[in-house]
Amino acid sequence: MDDKVENVHKVGPFDVEDWCYRGEGAANIVLAYKGSDPFLVGKVLRIRKKSVDKQLVDKSKVICQPGKPILSEDEQKLWQNWPSVAEARSFESLLQAYARDVMGPLLGPELVDPGIIVYMSTEFLEKIACIVEHERPLSRRAESEIDSHSNSALLISDHSVFCLVGGPQRNIKTSFLSIAVEIKPKCGFLPNSDLIVAENFIKKIVPRYTMHQTLKHYEGKVKRLSQYSPLDLFSEDLERINQAVHHLFSVPQNNLRLFVGGTVIDTSTSDLDHEGVKWQVLNAALQGCMLHDDGIQPVEVLKELVSQSLHKTDVLKNLLAAQKLDIVDIEGSIHAYRKLSSREAMDSSHGRELSEDECKNFEFPDGMSLLQCIELVRNYLIAATAKDCSLMLTFQQVLDNEPENMDVKYHKIIFSSKAKHPFLLKVNFLDLDLKPLTKMHHYYQIDQKIVKAYLATLQTDIDQEGYSESFVISQDGQQA
């Protein structure tokens with residue numbers, strides 16, 4: 001299958017100065033465009049990274065064979081119901097197809113931007129790597145670097161801004177900068193699988209995010225424990241959503257990022273104890289973005305906008321439904337994965353591969369058929385994407401108080417009780433990457449590590465004569 005892309009654009013070395021560092025995740029680095037090319041205005045470039053560990057780089061080169069599917073044979077079988085995914089011949093076409101064809105129907109196609117594949121020279125990638133290197137976090141620089149031999153990337157709309165000029169909202173009056181809030185909601189439900197072993201029963205009571213905070217704090221990865229609960233955010237109860245949003249703003253860590261006019265606002269002081277400094281920084285950044293009531297701080301308006309947006313739309317309902325495709329937890333899915341991994345040995349004992357008809361009748365131990373194992377593992381990986389993705393809420397205040405006068409075909413209008421004029425709202429999902437099948441054991445190991453760390457801390461609290469306030473959990477999983 002050829003990877004045909006309708007919109008292909010070559011980014012040459014002379015365009016290097018028109019790109020600036022926006023941020024990065026574990027696998028990709030994101031650059032924002034600041035030039036004047038009409039094709040690139042309002043876009044960001046998502047470039048693949050590679051590990052600085054030479055062994056991992058060499059392993060990657062072995063896997064990526066030109067002209068052949070990027071996925072392993074086992075993964076191709078896993079995703080065979082989506083040929084665009086199973087037969088993808090580059091990382092970019094794989095990411096594009098997975099976001100569009102797998103996650104899009106689950107979350108809403110209009111909320112998922114699969115991007116456009118663009119091709120770049122090695123010279124461009126080498127130069128851009130040098131330019132942005134000093135802006136990257138030290139922790140990221142120690143682990144990874146731009147892959148200058150990738151030659152392609154994904155061009156995606158910059159969802160932190162509104163592009164109103166000449167667009168569908170050309171009749172709307174506004175003179176304010178856009179405000180964008182990027183949230184990583186994380187897992188919004190408590191697992192209830194019978195395959196969770198008795199000693200890990202705490203997983204059915206305490207949110208995964210809360211337990212992971214304990215491990216991160218122990219390892220020195222966070223300075224303050226966040227009181228944020230995904231269960232509150234996904235609750236559909238406005239009061240609990242308000243509480244979740246407040247906790248996200250109070251201790252953002254990597255679960256909340258704020259953009260004003262497309263520029264990232266540094267909220268790193270939020271992880272320290274200087275609360276006054278934090279709110280001063282946020283309010284100063286937001287001051288020119290809205291007209292608000294006297295005596296009201298801009299950040300309070302923004303928090304209300306976020307809560308109202310999540311409460312009045314179905315965006316979190318769809319995300320939660322995708323997360324709940326994981327019906328047996330990693331402790332059940334790992335058994336299915338191990339059975340799939342052992343299938344080759346079992347087939348070899350018969351001297352041949354099983355046909356599709358035989359697969360339907362083939363029973364694994366514990367009553368799981370081959371097809372059931374495939375479905376469990378595949379659904380776990382889809383759910384893992386939904387649990388780890390980001391949600392971007394973008395706002396821009398408009399000067400027209402009459403919604404019926406506004407051309408808002410592609411965006412919603414939302415009101416704040418603390419602001420003088422309504423806001424445009426658009427919602428998009430980000431970071432919808434396919435999770436590798438080969439990392440199933442890693443997912444299981446980190447899960448067990450998180451539970452073990454939390455139980456150890458909880459035991460220490462009990463030994464010190466009673467539970468501390470942070471560990472008192474009600475029946476619906478909320479921290480008391």
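Reader: Where does Val161 lie, relative to strand S7 and S8?
Author: Val161 sits in the loop between strand S7 (152-157) and S8; strands are DSSP E runs of at least two residues and helices are H or I runs of at least four, numbered from the N terminus. Happy to go on, with a word on the basis: this is a predicted model, where local features need pLDDT of at least 70 and side-chain atom pairs count only at pLDDT 80 or more, while totals for chains, interfaces and linings use all residues. Residues are numbered from 1 along each chain as its sequence is written, and side-chain values use heavy atoms, with hydrogens and water left out.

Reader: Why does Val161 count as buried?
Author: Its relative accessible area is 14%, and buried means under 20% (exposed is over 50%, partly exposed in between, with a 1.4 Å probe and protein chains only). Val161 therefore counts as buried.

Reader: What is Val161 in contact with, leaving aside its neighbours within four places in sequence?
Author: Contact asks for heavy atoms within 4.5 Å, and Val161 has it with Ser178, Gly261, Gly262, Thr394 and Lys426. Val161 and Ile179 are 18 residues apart in sequence, and their C-alpha atoms are 7.2 Å apart in space.

Reader: What makes strand S8 mostly covered?
Author: In S8 (residues 179-183), 5 of 5 residues are buried. Ile179, Val181 and Ile183 point one way, Ala180 and Glu182 the other way, and all are buried.

Reader: How do you know that S8 pairs with S11?
Author: Pairing takes at least two DSSP bridges between two strands. S8 and S11 (residues 390-397) have 5 bridges, in the antiparallel sense, and Ile179 has Phe395 as its bridge partner there. Likewise, 5 bridges join S8 to the antiparallel S9 (residues 256-260), where Glu182 stands opposite Arg257.

Reader: Which side chains does a polar contact of 2.7 Å join to Glu24?
Author: The partner is Lys49, at 2.7 Å. A polar contact is a pair of N or O atoms within 3.5 Å; within protein, one must be able to donate a hydrogen and the other to accept it, and residues adjacent in sequence count only if both atoms are side-chain atoms. The side chain of Arg136 makes a polar contact with that of Glu24 too, at 2.8 Å. Glu24 belongs to strand S2 (residues 19-24), and at a relative accessible area of 16% Glu24 is buried.

Reader: Why is helix H15 called largely enclosed by the rest of the structure?
Author: Because 15 of its 19 residues are buried. H15 (residues 370-388) reaches 27 Å from first C-alpha to last, close to the 27 Å expected (1.5 Å times one less than the number of residues).

Reader: How many disulfides does the count come to?
Author: It comes to 0, where a disulfide needs a pair of cysteine sulfur atoms within 2.5 Å. As for individual cysteines, Cys373 is buried at 0% relative accessibility, whereas Cys20, at 27%, is partly exposed.
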